[in-house]
Amino acid sequence: MFEVDHFIPLEYNNSIDQGSFSWSAPSNIALVKYWGKKENQIPANPSVSFTLNNCKTITTLAFAKRQNDGNFSFDLLFEGKSKEDFKPKIQKFLERVERYLPFLKDYHFTIDTQNTFPHSSGIASSASGMAALAMNFMSLEKKLNPAMTDDYFYSKASFLARLGSGSACRSVKGQVVVWGSQANIKGSSDLYGVEYPYTIHSVFKNYQDTILLVDKGEKQVSSTVGHDLMHNHPFAETRFAQAHTNLDQLITIFESGNLEEFIKIVESEALTLHAMMMTSLPYFILMKPNTLQIINAIWKFRNETKIPICFTLDAGANVHVLYPNEYKEKVLQFITAELVGYCQNGQYLCDEIGNGALLS
Ligand code: DP6
C-alpha cells in the first residue's frame, strides 16, 4: 500500500533531454458507482468497474527540456490539430500533479491525443484521456528514476489519473478494478485503483458491454457539479453505506458467477445513481424517454429468453448493456432488431472487458 507521501519523489538519478511516448488507455464502466467526493478527489464511497477494451484514448507525449520559467509549457493537439479549448483542463491537471512530478516545468510538452470512439458520441473521454496522459508522465518519470518498481509505476499512474478525473484511476489496469478503501478488499485505497484481488468466475471472461448511444449531446450536468450534489444530500450517508454493502456482495458474486444476483446489484446501482440526481437540489433527470424504453425492452427480453443481460448507466442517457460472451450473437440480434431504433442515428458501440493501459 502506498500513502500520498510515497508519490512525492526525492531526487532523480538520471536525466533526459527529449523524447516521446505513446500510451493508450481504455474507458471503464462502473458496476458500483462513484458519486460524491471529498477534498482532493477522495471518493465518498468505494467503486468497482470493468475496464473496457475498444473505447480508448491514445495519447502521444513529446517532451523537450527547456529553461524552467516557473510556468507550464505545453501544446495540445486533438487528432493532430491544435485544440485550445481542452487546454484549461490540462493546465489544471498539471497544477494538481506538479507536487508529485516536480520535473514538469523543466520541459515543453506536446500532447497529441485521439479517441477510438466518435468525439460526439457522448462517451466521456475524461477517464481514458486522463489515464493515458498519466501513463505517459509515468514513463517519463521512469526515465528519470529507472529503479522504480512496476507496482509503484502503475499505482502512481492511477493516483495521478485520479487527480485528473476520479474514474480515470480505474482505467490504468484491467479487468476488474476497485477504487476506494473497502474493509474486505485487501490493498484497496482511496488514492488509486487496484486490480480486484480475488477469484473471478469464468462467466465474466470476455464479458460484453454494448453501449447504446441514446443522447450524444453535451452533458447536462458536469461530473463536478454532480458530485457536489452529494454534499448535504438527504440520502448521502445511506447511499455511501449501500455502496460498501453492494461491493461486499459482489465479492461473493464474482466468485460464484451468480448472474441473477449480479444483475440485481448492477441495475440497482445504476438506478440509485440516477435517483441521487433526481433527489438532490437542484434536481436533474438525465435519462431520456428512450433510456426507459431500452430498460423496459431489456427486462422483457430477459424475462422471455432467460438470457442474463442487464443494463447500467453513467451520469447521462446512454445505456450500457452487459452480458456474458456466450450470448453475444443472440443479444446483438436483439439489439439490432429492437433497441437500435431508440439510439440517436441508430448508433451503438460494441465493447468488452479489457486489460488496461498499453504502451505502443
Ligand atoms: C457516474 O470520474 O467523471 O461515471 O472525479 O469529477 O472527474 P470527476 O468525476 P468522474 O465521475 C464519474 C461518475 C460516474 C460513476 C463512476 O464511473 O463510478
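**Stop one: a residue in a strand**

Select S47: this residue is buried, because its relative accessible area is 0% (buried means under 20% relative accessible area, exposed over 50%, partly exposed in between, with a 1.4 Å probe and protein chains only). Before going on, note that this is a predicted model, where local features need pLDDT of at least 70, side-chain atom pairs count only at pLDDT 80 or more, and totals for chains, interfaces and linings use all residues. Residues are numbered from 1 along each chain as its sequence is written, and side-chain values use heavy atoms, with hydrogens and water left out.

S47 sits in strand β4 (helices, H or I of at least four residues, and strands, E of at least two, are DSSP runs numbered from the N terminus). Now show its contacts, meaning heavy atoms within 4.5 Å. Leaving aside residues up to four places away in sequence, S47 touches V32, K33, Y34, R170, V177, V178, W179 and L247.

**Stop two: helix α5**

Next, pick residues 236-256, helix α5. This helix has 21 residues and reaches 30 Å from its first C-alpha to its last, close to the expected 30 Å (1.5 Å times one less than the number of residues). Colour its buried residues, among them A236, F240, L247 and F254. Their cover includes β1 (18-32), β4 (47-65), β8 (176-179) and α6 (259-278). After α5 comes G257, with a positive phi near 75°.

Zoom out and colour domain 1 (4-29 + 52-174 + 192-199) and domain 2 (208-352); the bounds come from an automatic or database domain assignment. Their centres, taken over C-alpha atoms, are 29 Å apart. The contact takes 15 residues from domain 1 and 17 residues from domain 2.

Which residues lie nearest the centre of the second largest pocket? Select K38, E39, N40, Q41 and L163, part of a lining of 17 residues. α3 gives the most, with three residues. The lining divides into six nonpolar, four polar and seven charged residues (Asp, Glu, Lys and Arg count as charged; Ala, Val, Leu, Ile, Met, Phe, Trp, Tyr, Cys and Pro as nonpolar; the others, Gly among them, as polar). A pocket here is an open set of points on a 1 Å grid over the protein atoms alone, where a 1.4 Å probe fits, with protein on both sides within 12 Å along at least five of seven lines; lining residues have an atom within 4 Å of a point.
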